[in-house]
Amino acid sequence: MRCNADRLIQGLVTAQLKEQHAPDNGKPQRVWEKSETYVVTISRNFGSMGKIVGKLLAETLEVRCCDRYILQEVARRANTDEELVKVLDEHISRIDEHWWSTLITKNTFSYEDYYKYLVKTVFSISLRGGVIIGRGANLILGPERAFRVRIVGSPLKCAERVAERENISLEQALQQVHDVDQERAEYTRRLYDADIDDPMSYDLVLNSDRYDQAQLVELILQAMQKSGYKLKTDVFDSLAKLA
C-alpha cells in the first residue's frame, strides 16, 4: 500500500515539475529553491495550537497560510462543490464503499480525484511558498521540498485549550480531542498508508505543553536556519512584534 501511494505521489509531482519547467514564451519557469522559498508543513494534534502557530509563522515569514484555501482549490480544480470536498476531508474514516458509489454516481467526484487534486494543489502552493496546515502535505512534498513540522501535546493540555476556546466542559473537550486525533490519524493511514506519529516523516517535532505559540514559532525558525533556509535578518524582530 505505501509503495503504491509513494509511486502515485511521485508520479503526480513529476508531472507537476514537467509542467513547471515547460517554457512560457521562450522563458523557463522559476523553480523551487530552498534558500529563497519558505515552504513549511504543519501537522498537529487537535488543541495543540498548530493552526495558531502556522498563522503566526506565515505572518512572520510573509507567506500565505494555507488551510481552507486547500479545500477551495481542490474544489475549483475538480469543478465540484466545496462542501463535498470538506465532508471528505474531515470525515474520511466514515466513508464506506456504498457512500463512495453514491458519490461517484451523483457528483462524479471520486476518492482518486480528491487525492489527485490535493497533490496538485499542495505542490502548486510549494512552488510559491507558504505554510500548509495538515492534509499530509509533509508526505506529499517530502524533505526536499518543505520543512516539515509536527506539533503535539498531551490530551489534557490540548483539551483544556479546546474547552476554553469552545466554552465546553473538560470531559467534552477530551472526547473531542480524542475523536479529531483519531480522524486525522485515519486520514493519513487511508490516504498515504502512513503513521501520522512517525517521527521520520518530520524534520521537527515540538511539544506544545512546554512552549507558548511565540516560542514554538521561534523554535521552528531556528530549526529552519540550521537546515539551510536563509531567513531575513530581522525575522526574529518581526516575530516579537507580531506575538
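**Close-up 1. T41 and the residues it touches.** Setting aside neighbours within four places in sequence, T41 is in contact with I132, A137, N138, L141, A146, F147, R148 and V149. This is a predicted model, so keep that in mind for every view here. T41 itself sits in strand β1, which covers residues 39–44. Is T41 buried or exposed? With a relative accessible area of 2%, T41 is buried.

**Close-up 2. R135, a non-glycine residue with a positive phi.** Look for R135 in the loop that links β3 (130–133) to α7 (137–145). Its phi is near 60°, a positive value, and R135 isn't a glycine. The relative accessibility of R135 is 13%, so this arginine counts as buried.

Close-up 3. D193 has a phi of about 55°, on the positive side although the residue is not a glycine. You'll find D193 in the loop running between α9 and β5 (204–207). How accessible is D193? Its relative accessibility is 28%, so D193 counts as partly exposed.

**Close-up 4. R184 and its contacts from elsewhere in the chain.** R184 belongs to helix α9. Once neighbours within four places in sequence are left out, R184 is in contact with R44, N45, F46 and I196. Take F46 from that list: R184 and F46 are 138 residues apart along the chain, yet their C-alpha atoms are separated by 9.0 Å.

**Close-up 5. Helix α8 crossing helix α9.** Here α8 (residues 155–166) meets α9 (residues 170–192), with the two axes coming within 8 Å and crossing at roughly 115°. The crossing of α8 past α9 is right-handed. Which residues of α8 and α9 meet? On the α8 side they are P155, L156, C158, A159, E160, V162, A163 and E166, and on the α9 side L170, A173, L174, Q176 and V177. Sorted by type, the residues of this contact come out as 10 nonpolar, 1 polar and 2 charged.

**Close-up 6. Helix α2 packed against helix α11.** The axes of α2 (residues 50–61) and α11 (residues 235–242) lie 9 Å apart, and the helices pack at an angle of about 130°. That makes α2 and α11 oblique to each other. As in the title, the pair to follow is α2 and α11, and α2 passes α11 in a right-handed crossing. From α2, the residues taking part are L56, E59, T60 and L61, and they meet V235, L239 and L242 of α11. By type, the residues of the contact between α2 and α11 split into 5 nonpolar, 1 polar and 1 charged.

**Close-up 7. C65 and C66, two cysteines without a disulfide.** How many disulfides does the model have? The count comes to 0. C65 is in no disulfide, and its nearest cysteine sulfur, which belongs to C66, is 6.8 Å away. Seen from C66, the closest cysteine sulfur is the one in C65, and at 6.8 Å that's too far for a bond; the cut-off for a disulfide is a pair of sulfurs within 2.5 Å. As a reminder, a disulfide is a covalent bond between the sulfur atoms of two cysteines. What about burial? C65 has 24% relative accessibility, so it counts as partly exposed. C66 is at 1% relative accessibility and therefore counts as buried.

Definitions and conventions
Residues numbered from 1 in each chain as written. Predicted model: local features only at pLDDT ≥ 70, side-chain atom pairs only at ≥ 80, totals over all residues. Heavy atoms only, no water. Axes fitted to C-alpha atoms, helices over the stretch in contact; angles between N-to-C directions. Helix = DSSP H or I, 4+ residues; strand = E, 2+ residues; numbered from the N terminus. Parallel < 35°, antiparallel > 145°, perpendicular 65-115°, else oblique. Left-handed = near helix turned anticlockwise from the far one by under 90°. Contact = heavy atoms within 4.5 Å. Nonpolar A, V, L, I, M, F, W, Y, C, P; charged D, E, K, R; others polar. Buried < 20%, exposed > 50% of the residue type's maximum accessible area, 1.4 Å probe, protein only.
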